[in-house]
Amino acid sequence: MPVTKKAPAPRVLWKGAISFGLVHIPVALYSATTDHGIDFDWLDKRTMDPVGYKRINKKTGKEIARENIVKGVEYEDGEYVVLSDKEIAAAYPKTTQTIEIETFVPANGIPFVYLERPYYVAPINKGAKVYALLRETLQRSERVGVARVVIQTKQHLAVLVPVGPGLVLNLLRWGADIRPWTDLPLPSEDAKKAGLTDRELKMAKQLVEDMSGNWDPMEFKDEFKDEILRLVDRKVKAGQTETVTQPEAEEGQSIEGKGAKIIDLTELLQRSLRNKGGKTKAAAEDDEEDEGEAAPRARPAAKKRKPAAKATSKTASKTTARHRRAA
Amino acid sequence: MAQKITHADRVIDAQSGTTKGELAAYYAQVASQMLPHLRGRPVALVRAPDGVGGELFFQKHVQNREIPGVRLLDPALDPGHDPLLQIDTAAGLLGAAQMNTIELHTWNGTSRALDRPDRMTFDLDPGEGVEWARIQEAALLVKTLLDELDLPSFLKTSGGKGLHVVVPLRRRHGWDEVKGFSQAIVQHLARIVPERFVAKSGPRNRVGKIFADYLRNGFGATTVSAWSARARPGLGVSVPVAWDELPDLTGAAQWTVANIGERIAVGNAPWEAMERSRTGLSAAMRTLGCI
């Protein structure tokens, strides 16, 4: 099927079906978010060459070949269990390609601390009507569907929410991942016991009313990013720029053999032509789609602590170590 | 369709119990879907007089006896050989079935203009121990690269073990150029994703990997036609599918002569855009760095 390159269509991240009872709605998932953070790429200040990671043996400091790396889980301090790729793969949940709704709960019944990443859900394969039916029904009954879904080998809990013309699938944190706050010094839920007087409450309410408005996401911008972009702009205008040549990716080093995700491979292929014919393609520049399951990115802190461990396989192909956001 | 099928009760595939008569009935049933793929192209027949598992005869040219309804082409098209064959009618298709034909393979060019191919085919041929998901993934990767080259591509099951990716071409380049370019594509795949692809044929080269066979793109080379049955146990059928069906395919022989049933109604719809998608290769050659 001919693919138009002019305006890249939103990329389908997942295809399957919403399912409950005997109902089956074929749908595709699209990323609802995009990361506009600034990448600070590392450069060698002497030569302006890109800087990358190497995997090293922390004891010897020497580089280690991929085939000599195995995966271990630390079960107590300094004690590890080693798991083979095969054993890990066997533990993956079975992909059912369904968003399996288990229960419908009141729309305001899920505290927002549980909300994680949103995906847009759109009907495919003539599923539009039954899709609309579910959307309408949820809206009218003011309920949302709590569902299980497997996306790229990972099982998620999610909530299916009607929003305007569509349905949004918002991944949920597992109950076990939410910390209790019983130990925090919170004041009593009872206003009297918390020592509030009617007068204070009235004044505070008045103040809130004075400052009330409607939520407009466009009103709020990441000022740090704008500041950096302005600075970059000034430097470009002043001619203070450096040319960085990316070295060719080493053959066979580009991706991990087994665990590599298909999305990485397609991106790799898309990138592979970029240096050749001088074609620039906005479509392929947009590489945030894999954000979904890319574990190394989701946890900046973990990545910072062990740069040599996991992030390397992904960044090796880029040859430049990427750091999302400065913080 | 007056073609008489002799020995119609003879079982030609022990696994499915399909008889010669049932295979002929299959071809009669899919003729209107299949003929657009056969018409105007030289065809090669895989004949199995002793059925699946017996000796197979691959026939590109007329031999001794003509097959009723099968056209003989101008011998000048393939110099030094007997005339090439072509099937344009249901009668010819059934004539072939009567002659114990199980598979029908076509050229990538048409007999009226056989100097230049009008399509390019990649046969995703899995090595030993390659699981189905990997073949699906490989097809998607081939499509990704073709998309990136702005080459529309179309998918079909092979009916055997793999998948076929077909790129309809404007007839601008000769056989050697097209074959060379298809090789460059496969080499690029093997270079960028060496974990999955090899650029050399031969079972030893591709253990655990996939050879995207570009050798189907030379003069005289053929690939099994859409809707052809395969001379393998179970009699798989090569069926055109839409790219968005790819994730749901369960195997290259998902459809067989025995279970093709309702799929016939879908017919060639997944390939409906093929004619208007014909593309020249110059831009793609430039992008890939071939010229």
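In chain A, strands S2 (residues 23-31) and S6 (residues 115-123) run antiparallel and are joined by five bridges. Strands are DSSP runs of E with at least two residues, helices are runs of H or I with at least four, and both are numbered from the N terminus. Two strands pair if DSSP finds at least two bridges between them. This is a predicted model: local features need pLDDT of at least 70, side-chain atom pairs count only at pLDDT 80 or more, and totals for chains, interfaces and linings use all residues. Residues are numbered from 1 along each chain as its sequence is written, while chains are lettered from A and ligands numbered from 1 in the order in which they are written.

**Chain A: barrel**
- A:Ala28 stands opposite A:Ala122 in S6(A).
- Seven strands of chain A close into a barrel, ordered S1-S2-S6-S9-S8-S7-S5, with mixed pairing.

**Chain B: open sheet**
- Six strands of chain B form an open sheet in the order S11-S12-S8-S10-S9-S14, and the pairing is mixed.
- S11 (197-198) and S14 (240-241) of chain B each have a single partner strand, so one side of each is left without a neighbour in the sheet.
- S8 (residues 119-126) and S10 (residues 163-168) of chain B pair antiparallel over six bridges.
- B:Arg119 stands opposite B:Pro168 in S10(B).

**Chain B: helix contact**
- B:Leu141, B:Val142 and B:Leu145 in H3(B) meet B:Ile185, B:His188 and B:Leu189 in H4(B); contact means C-beta atoms, placed from the backbone, within 7 Å.

Notes. Contact = placed C-beta atoms within 7 Å.
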